[in-house]
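Take a moment to look it over, then read on.

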Amino acid sequence: MVFSLFGSDEQEEIEQIIIRGAQTTATRKDIIQIETGEWQGSEKRKWMEIGERYYRVKNDILDRERTVIGEDGRRVRTEILADNRIAHGFVRKLVDQKVGYLLGKPLSISTEKEDYAQAWSAFFDNNMYRRLQSTGRTSVNQGIAWWFVYYDEKGALSFRLMDSLEIIPLWRDKAHTILDAIIRDYEVVIYEGLKRKTVRKIEWWDTTGVYRYVDDGSGLIPDVEAGDTGSHFTLVSGTEEKPLNWERIPFIPWKYNEAEQPLAEIIQSLVDDYDRNKSDNSNNLEDLPNSVYVVKGYGGTPAGEIRKNMSRYRIIKIDDPDGHSGVDTLSLEINTEAYKTHMEQTRKDIYEFGRGVDTQASNFGSAPSGIALRFLYSDLDLDASLMETEFQASLEQLRWFIDTHLYNTTSKDYSEEKVEFTFNRDMPIDESAIITAIKDSVGILSDETLVAQHPWVKDVLAEIDRIEKQKEESLQRMSDAYGGLPSPASEDGEEE
């Protein structure tokens, strides 16, 4: 027997509440409205914009206005004094340094099957390496970059670098490794007659396809013109078209670091401090920095006006009891040593916490080599290693799409094949030491591994082919010179 703690009416009311709760489950449009609303004002998006702006050297100092203390003690804008706004491109230099160091040279892609290696070489052409560098630049500027996987008009598997500000990922896990869906919130310009109009569009991508909406000002409506629903891609066979979806969402994230934190978020305050002090010092040099004029015999001045005159004109009018008139000066000493020390330390902090190499450092021009060179590049190398870890994970996702594409088009399954992606870092190196180490490793490591580490090799597979061809030609020359190659010896030492 089952006992209820509620009467029949109360029980029915509770059941109705449960039913109503189930019916109020958020729809796709509800989720889009919530996520896009939060995204537009989010801290993460703000830092993405700051990172991109500082890379273009549009630092906050450019928006600063020179102010002085007015008669009432408040700061007011002035157009009399110098208003120098000096922006420094530290973020741009550090970003380019990281990208050039890690992605300045083509990847070395190693796999055992020759046809599989050739397939990878076909994908990784010059356009792909250029896209990879742009991806690295975006990921450092904005914390994360995104590739969209699609088939172009010719049916070729292609990858497009997206605007990260448009992409809102819905992650399944806390580590941000598995996607549940992608929301793309973007604007397009259309023409209605001779009038140009900006239209906001939103796409929802998941494993079931893509759903398109338009914001008409009152809410989201299906984008009938572009196709309100669709598949990831379409298989065309003769006159037949078959919509198909990937088993994964066709977007690949490329992270700068595990926290998806832009470089500018780490060093912006230091760069702003450097900009501000450099600009202030420049203003002081321009605005009669060494003296204040004291004008005697022109009557006393109220305190508020003294304050205004001091900050705006560097002039003080005073009443001389002896009746004398004239102009004196009060010396203003600028502590240049303190300024220099502060600026040098700020610059060091920018490169230390930005994990880069200051090419103006005193120890940079001493032509270090070996261990000293590695120590000089240790911070940059550390950051590149962390970035490489994230990019290796992205390359594995890229491999899944390429493997699936190859299986669908050639019926060859390469998913169990081993592929190694080697990032050839562009650091000034002691080539002779590396070549010596490669020679010492002959017989310990495979020829392919040794060739991949050689500083002069750009294409590992092509170089291995050249080595094999050279060996064959050498054997052929020996055969021609000695009338054939000797037969292999038998076990008892006699020739077979």
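L235 stands opposite K242 in β13. This is a predicted model, where local features need pLDDT of at least 70, side-chain atom pairs count only at pLDDT 80 or more, and totals for chains, interfaces and linings use all residues. Residues are numbered from 1 along each chain as its sequence is written, and side-chain values use heavy atoms, with hydrogens and water left out.

Strands β12 and β13 run antiparallel and are joined by five bridges; strands pair if DSSP finds at least two bridges between them. Two residues lie between the strands of this hairpin, where G238 has a positive phi near 70 degrees.

Here are the elements with their residue ranges; helices (H or I, at least four residues) and strands (E, at least two) are DSSP runs, numbered from the N terminus.

| Element | Residues |
|---|---|
| strand β12 | 233–237 |
| strand β13 | 240–244 |
| helix α9 | 336–353 |
| helix α14 | 460–482 |

How far apart are the end C-alpha atoms of helix α9? They are 26 Å apart, which agrees with the 26 Å that its 18 residues should span at 1.5 Å a residue (1.5 Å times one less than the number of residues). After α9 comes R355, with a positive phi near 55 degrees.

Finally, L475 sits in helix α14. At 44% relative accessibility, L475 counts as partly exposed, that is, between the buried limit and exposed, over 50%.

Note on methods: Buried < 20%, exposed > 50% of the residue type's maximum accessible area, 1.4 Å probe, protein only.
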